[in-house]
Amino acid sequence: MAIDQVDRSAVVDRPRVVTERGPRETIPLTTTKTYRTTAKIVGAVYLAGFVVGLVGSGIFQSILGATGASANLPAVAARSALLAFGAILWLMAVAGDAAHGVLMFPILRRYHERIAFGYLASRIVDAVFIAVMVLFVLLQIPLASAFVKAAVTDASVLQTVSGLFAQGQVYAYDIGMITLGVSGLMLCYTLYRAKLLPRLVGGWGLIGYAILFVGMLSEVMGSGLGLASSIPGGLWEAFVGVWLIAKGFSSSGLAQLGKDASQIDTARPT
């Protein structure tokens, strides 16, 4: 009897939930606290990315001129330090994009492993293309310096090269935003299904990122809808940044990740 009681107490000490995939341990309290800390960090990264993205874009527009056109090379030469500062701000946003994938991976993995890996991969791809966009912007600085010193006959060639860099900047940004739309859909789908955020907030994110994805695809084809399509998703990121800092993920949603997530997955047709 004594051995039997010891065995039973061991089972009680490690509560498990039996699902169609076998026994699964519930989330420890320390892990839940870690996820709440993660929520605050993710929220802060969202807000920081929103701010530095706006400031960086404003700097780019004020110096480079119209998006997609040849850069205003005399202005770039005169304000190269400010342009480089704007590029640094965007690189900070790039780091934030990659950080989102890393920070959310452990949480998303508890719901669906493939979604977790897909979100991480898409955020990295997004970060790479935005970094390429920043590189095209920085290449305008030595080009502008050469333009100021060039003869009249060479100036037109340099202006043409500047236009090519500007187009490369636009396409890199568009592809990065398309990838962001994909990653955002995966994230918000998980937030909605796992109830980590209120359903209304998760639904808003799904709609916002779907608009971004379609709008940026059409932008590549010349629709001119890229900026407008980014507004719903951008506002969602700002709102969710504040929400996660103030409230974090839903406690009931975090609890369900350890209990019902696998049941939700197995309930879906394969």
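Good morning. The largest share of the lining of the largest pocket, 12 residues, comes from helix H2. This is a predicted model, in which local features need pLDDT of at least 70 and side-chain atom pairs count only at pLDDT 80 or more, while totals for chains, interfaces and linings use all residues. Residues are numbered from 1 along each chain as its sequence is written, and side-chain values use heavy atoms, without hydrogens or water.

The largest pocket holds about 1,200 Å³ of space. A pocket here is an open set of points on a 1 Å grid over the protein atoms alone, where a 1.4 Å probe fits, with protein on both sides within 12 Å along at least five of seven lines; lining residues have an atom within 4 Å of a point. Among the 50 lining residues, Gly 53, Ser 57, Trp 90, Tyr 173 and Met 177 are the closest to the centre of the pocket. At least two lining residues each come from H2 (29–64), H4 (80–111), H5 (113–149), H6 (152–193), H7 and H8; helices are DSSP runs of H or I, at least four residues long, numbered from the N terminus.

I turn now to H7 and H8. Helix H7 (residues 199–220) packs against helix H8 (residues 226–246) at an angle of about 150°, with axes 7 Å apart; axes are lines fitted to C-alpha atoms over the stretch in contact, and angles run from 0 to 180 degrees between N-to-C directions. The two helices are therefore roughly antiparallel, a term for angles over 145 degrees.

Key:
Angles under 35 degrees count as roughly parallel, over 145 as roughly antiparallel, 65 to 115 as roughly perpendicular and the rest as oblique. Grid points are joined across faces, edges and corners, and a volume is the space filled by probe spheres set on the points.
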